Every structure is written in structure tokens, then in C-alpha cells.
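Subject: Structure for you to look at

Hello,

I am passing on the structure we talked about, together with notes on what came out of it. Please read the notes with the structure open.

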Amino acid sequence: MSKFMGKQVDLQERVRLKTAEREELYSLTPPFPTTNFLMELSNACNHACIFCAHQKMQRKVGFMKKELAFDILRQAYELGTREVGFYATGEPFLIKDLPDFIKKAKEIGYTYVYLTSNGSLATPEKIRAVIDAGLDSLKFSINAPERELYKFIHGRDDFDTVMQHLKYLNEYRRETGKTYKIYVTGILTKYTEHLKEKYYELFGELADQVVFKFVYNQGGYMPEIEKYLRCETDTAERRKCNLPFDAISVTWEGYLSVENADYENMLIVADLNKVSLKDGWYGEKMQDIRRRFLEDDLGGTLCDGCVHRCLRPARPLMQEYSAISEYDFDDTLVKERVEKFEAQR
């Protein structure tokens with residue numbers, strides 16, 4: 001057993017608490033979230049992960065305006081939110097003024113500001129900038145613990161670069177005495193689910209916690225994952241979802257979505273350029289999707305395929321904000337990459 005297994009126990013406890021039944025949440029008008037707030041500053045990304053819907057995205061790539069972001073941050077804070085993450089469908093280190101958003105959140109009063117990044121663009125200069133702006137934690141998403149598998153899964157040969165950046169993140173913490181947290185997460189596929197020990201060997205001394213998650217169908221956008229990438233040890237036939245009840249997800253355009261992995265804006269429930277965050281959270285569209293979750297009446301929505309782990313027809317909740325008029329399933333990209341990798345093994 002690994003000497004880092006204690007960290008795995010800590011993670012299991014955190015996951016248990018996060019997914020615990022909290023009856024007060026499951027209503028049409030749940031309490032406004034105090035945590036679990038993700039703001040997508042951009043949907044641009046420099047990687048092409050095999051399990052990610054970004055590689056098929058038709059939605060326009062853009063960057064959130066500071067004025068809009070700062071206004072939504074203030075609204076959420078006034079409603080009781082105290083934690084915010086600046087990422088969703090994109091890579092945060094592609095955002096030129098990323099430290100400004102972190103600094104503003106801390107000035108407003110947020111107690112915990114965090115990022116998840118693939119780490120390839122997290123150069124020492126950029127690391128110093130976000131940490132000095134007040135970042136409380138940085139998580140590197142490293143989806144294979146060895147170079148060739150990493151290249152296959154991420155679509156980029158950046159494993160060595162990411163390792164260098166992770167080491168610098170640790171060095172800067174030692175040099176400055178700052179107390180920010182460092183995490184590594186691995187999205188497990190059938191190609192990596194047996195490599196947990198390798199993760200601990202590589203990252204156990206470089207991360208405060210190593211976090212594992214089973215690959216999933218990206219909010220319904222990637223049902224082909226069930227066929228090509230699903231872990232053998234993942235036996236669940238249905239995904240639990242608390243997002244409509246306990247998560248704020250805002251896109252770079254300023255739209256409120258049911259979930260943070262809404263690559264084509266198919267789950268938009270409000271336009272925060274036109275209505276307040278409070279009105280969006282308690283609005284008719286959001287209440288309707290909550291009702292449908294409670295009654296398991298998700299037919300015709302992207303959530304249906306996600307929850308039931310299968311391919312099902314879907315249309316946007318609000319057509320005027322979506323990049324597509326209906327879901328068009330195409331597994332070509334994943335199928336070809338898997339077949340090429342298998343042929344080379």
C-alpha cells in the first residue's frame with residue numbers, strides 16, 4: 001500500500017460529504033449556493049483531451065468582459081457566495097488578465113478563489129502573478145501519469161512541461177511561505193484506472209492531494225465515452241447530479257447555465273446581461289429544470305443522456321442562446337484516436 005494512501009482516504013471523505021443527501025437542497029427554490037460557483041472567463045483551450053467535448057465544440061470562442069464578470073461576482077457575494085473558481089470549458093491561463101479577476105474577487109471578499117488548469121501554460125511568471133493576486137488553490141488536471149499515455153489522452157505532448165510547472169508551483173510556495181493549496185486531479189479512463197499507484201509515486205510529494213474521478217459523458221455531450229473510455233471499475237448506471245440545486249455556472253457570454261460543462265450553451269436558463277443573478281437562479285426556467293430532475297422527467301434535454309448514461313435526443317432549453325439547434329451525435333474523433341492508439345500499442 002502506498003504511503004500516500006492517507007490522502008486517498010481524505011479524498012473519499014470529501015467526496016462522501018459532497019454527494020451526501022441534503023434534503024433542503026432538493027426543492028424548486030433551494031438556498032443560494034455559498035460555494036460551488038464557477039465562472040467561465042473563456043471557453044478557449046490549448047489541449048484536445050480525448051474525453052472532452054471541446055474538440056467538437058461549435059460555439060464561438062470568446063472572453064468575458066471584466067465589467068460583466070465583476071458585476072456578477074458582486075451579485076453572488078451579496079447573495080452569500082464565498083468561493084469562486086475561474087474555469088469551466090476552457091484553459092484559464094489563456095486569459096491575459098487572469099490575475100485581475102482573482103484580485104477583484106478577493107477585494108470583494110471571497111474567502112476561497114481557485115483554478116483548475118492543464119498546467120501547460122502555467123509558467124513561473126504566470127504562477128507568480130495568480131498567486132500574488134490572492135489565489136487560494138491551483139489544481140493541475142493531469143490525465144495520465146506517463147508521457148505516451150498523456151499525449152494520447154491530452155492530444156498534446158506537454159507532460160514534461162507540466163511536471164516542470166508543478167515543481168515550480170511547489171518551489172514558489174516554499175520560497176514565499178504562502179499557504180495556497182496544490183492539487184493534482186486525474187480523470188480516469190480504462191487506460192489509466194490501474195495506474196493510481198503511479199500517480200501517487202509521481203505526484204504524492206508535489207500535491208497536497210491527488211484527486212481521481214471517473215471519466216463521464218461530459219454532461220451528455222460525449223455519450224461515446226461509455227463505449228470507448230469508460231472504466232471497468234465504474235459500475236454506476238446512473239449519475240447523481242446536484243448541479244441545478246447547488247451550483248452557479250456562468251458562461252463567458254454572461255449566461256446562467258444548469259452546469260459548468262455546457263459547451264454549446266444547450267442548458268442556459270437566464271441571460272445575466274438582462275436579469276439579475278438572483279432572478280436567474282429563482283427564475284421560471286431554472287425552477288422547471290429542477291422540477292424535471294425531481295420527477296425524473298428529463299426527456300428532450302441534454303441532462304437526460306448525462307444522468308442515464310446513454311445517447312438520447314436533446315434540444316436546447318433556450319434556443320436563442322445555443323450554438324446548435326439540436327444534439328448531433330458523432331463519435332468519429334474519439335473512435336479514430338482510440339483505434340490509432342490501439343494499433344500502435
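Before the rest, a word on confidence. This is a predicted model. The protein chain has an average pLDDT of 93, and 93% of the residues score at least 70. Residues 1–20 have a pLDDT below 50, and this stretch makes 21 contacts in the model beyond near neighbours in sequence. Where pLDDT is low, the predicted coordinates should not be read in detail.

Helix α2

Helix α2 covers residues 66–78, which is 13 residues. From first C-alpha to last it reaches 18 Å, close to the 18 Å expected at 1.5 Å a residue. Its buried residues are Leu68, Ala69, Phe70, Ile72, Leu73, Gln75 and Ala76. The cover over these buried residues includes the strands β1 (37–39), β2 (83–85) and β7 (248–250), along with the helices α3 (98–108) and α10 (277–281).

In α5, the buried residues are Leu149, Tyr150, Phe152, Ile153 and His154. Among the elements that cover them are β4 (137–141), α6 (159–176) and α13. After α5 comes Gly155, with a positive phi near 75°.

The second largest pocket has a volume of about 280 Å³. Its lining consists of Glu148, Lys151, Phe152, Arg337, Lys340, Phe341, Gln344 and Arg345. Two elements, α5 (147–154) and α13, each give two or more residues to this lining. The largest share, four residues, comes from α13. By class, the lining has five charged, two nonpolar and one polar residues.

Cavities

How many cavities of 30 Å³ or more does the structure hold? There are two.

The largest cavity has a volume of about 60 Å³. It is lined by Leu38, Glu40, Arg59, Ala88, Thr89, Ser249, Val250, Thr251, Glu259, Asn260 and Asp262. Four of the lining residues are charged, four are polar and three are nonpolar.

The second largest cavity has a volume of about 40 Å³. Around it are Gly220, Thr301, Leu302, Gly305, Cys310, Leu311, Arg312, Ala314 and Tyr327. This lining has five nonpolar residues, three polar and one charged.

The loop between α12 and α13

Leu317 is found in the loop between α12 (302–307) and α13 (332–344). Is Leu317 buried or exposed? With a relative accessible area of 18%, Leu317 counts as buried because the cut-off is under 20%. Leaving out residues up to four places away in sequence, Leu317 touches Val258, Met266, Leu267, Ile268, Val269, Lys285, Ile289 and Thr301. Of these contacts, Thr301 also lines the second largest cavity. Ala261 is 56 residues from Leu317 along the chain, and their C-alpha atoms are separated by 15 Å.

Arg309 is also in the loop between α12 and α13. At 10% relative accessibility, Arg309 is buried. The phi of Arg309 is positive, near 55°, in a residue other than glycine.

Other residues

Asn36 is another residue with a positive phi, about 60°, although it is not a glycine. Asn36 lies in the loop between α1 (5–18) and β1. As background for both residues, most residues other than glycine have a negative phi.

Asp246 lies in helix α9, residues 243–246. Asp246 is buried, with a relative accessible area of 11%. Asp246 and Pro30 are 216 residues apart in sequence, while their C-alpha atoms are 7.6 Å apart in space.

That is what I have on this model. A note on methods will follow.

Regards

Technical notes:
Residues numbered from 1 in each chain as written. Predicted model: local features only at pLDDT ≥ 70, side-chain atom pairs only at ≥ 80, totals over all residues. Heavy atoms only, no water. pLDDT = per-residue confidence, 0-100. Contact = heavy atoms within 4.5 Å. Expected span 1.5 Å × (residues − 1). Buried < 20%, exposed > 50% of the residue type's maximum accessible area, 1.4 Å probe, protein only. 1 Å grid on protein atoms, 1.4 Å probe; cavity = no way out; pocket = protein on both sides within 12 Å on 5 of 7 lines; lining within 4 Å. Points joined across faces, edges and corners; volume = space filled by probe spheres on them. Nonpolar A, V, L, I, M, F, W, Y, C, P; charged D, E, K, R; others polar.
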